[in-house]
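I opened this model to look up its charged side-chain pairs and its metal site. My notes follow in the order in which I checked things.

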Amino acid sequence: MPVLSEVLTALDALWPPERAEGWDAVGTVCGDPDAEVRRVLFAVDPVQEIADEAVRLGADLLVTHHPLYLRGTTTVAASTFKGKVVHTLIKHDIALHVAHTNADTADPGVSDALAGALDLRVLGPLVPDPSDPAGRRGLGRICELTHPMTLAEFASYAAAHLPATAQGIRAAGDPDREIRTVAVSGGSGDSLFDDVRAAGVDAFLTADLRHHPASEATQTTGRTSPPALLDAAHWATEWPWCEQAAAQLDAVSDRHDWGLRTHVSRTVTDPWTAHAASTPIFTPTHTTGAPR
Ligand SMILES: [Zn+2]
């Protein structure tokens, strides 16, 4: 059975911490390097229900995509929600390790897992990492659909293929537009509109799209038609990485004969828990434009 420091060396090889963004907080949050590791749980968010799940499972290590602390803190008192997570984990000898932007840009990374969940063919990174001579690492992925779909069909398809959330999928654009190529980026992607436009893809699927950037991105400039937008729940775009990451650690475990047991949390930790569709009052402007 490996000890934590050996497993962490393997995780750092998959997602080197030095490739994380400067503002990010990746790596080990708590854990004894000499503690033995048998069970590992992968999840998107280091929230209390995930810490409780790790306890129930008897996990020795919890690997999450999102950091617990992104900035410095002066307290881990259990009266704070993050402090309570730390207390729960330490009380039960569970280590916490974070792979965030270093997993986003890895090969394979978070957006490869998202593309895989949608059965898309990955052509390359949307924003290539200039330090990668092979051109395989970077943020987001440019992909091809296995067969063209209309935007309306692709939105339904994405909603059916990503893990279910209250939000589902929102789309912007002509519902009958044919989609052959799509850029995908797990997590908040509205800083990538310029790259998406430059890539010349038919659509962009990401999460957390806000009014103004989305509104601007859907305006036509010159003769190029803007990409259709698909906005999924943040958690749903990153959860597929947990399965990919667990499979990667399984392969390492097999190579070393570690006998690790990996688990992927199926707890939906997207903060949005309900959705009420509006009663249609106006037909969308791109179909008739007339209120009814
Ligand atoms: Zn995220």
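The model is predicted, so local features need pLDDT of at least 70 and side-chain atom pairs count only at pLDDT 80 or more, while totals for chains, interfaces and linings use all residues. Residues are numbered from 1 along each chain as its sequence is written, and side-chain values use heavy atoms, with hydrogens and water left out.

Entry 1, salt bridges. I counted a salt bridge where a side-chain nitrogen of Lys or Arg lies within 4 Å of a carboxyl oxygen of Asp or Glu. The structure has nine of them.

I looked up Arg-141 and found it paired with Asp-112, with the closest N and O atoms 2.9 Å apart. This pair links distant parts of the chain, 29 residues apart: Arg-141 is in strand β6 (residues 138-150) and Asp-112 in helix α5 (residues 110-117). Helices (H or I, at least four residues) and strands (E, at least two) are DSSP runs, numbered from the N terminus. Arg-141 is buried at 1% relative accessible area, and Asp-112 also counts as buried, at 15%.

Next came Asp-231, which meets Arg-170 in a salt bridge at 2.8 Å, N to O. Asp-231 lies in strand β10 (residues 228-232) and Arg-170 in strand β7 (residues 169-172), so the bridge ties together parts 61 residues apart in sequence. Asp-231 is buried, at 4%, whereas Arg-170 is partly exposed, at 46%.

I then checked Asp-129 and found its side chain bridged to Arg-137 at 3.6 Å, N to O. Both residues are buried. Asp-129, Asp-132 and Arg-137 are linked in a network of salt bridges.

Entry 2, the metal site. Which protein atoms are donors of the zinc ion? I took donors as N, O and S atoms within 2.8 Å of the metal (3.2 Å for Na, K and Ca); water is not among the atoms, so sites may look incomplete. They are His-66 (NE2), His-234 (NE2) and two OE atoms of Glu-238, lying 2.0 to 2.3 Å from the zinc ion. Along the chain the donors follow the spacing H-x167-H-x3-E. His-66 lies in the loop between β3 (61-64) and α3 (81-91) and Glu-238 in helix α9 (residues 234-256), so this pair ties together parts 172 residues apart in sequence. I noted both His-66 and Glu-238 as buried.

Methods
Buried < 20%, exposed > 50% of the residue type's maximum accessible area, 1.4 Å probe, protein only.
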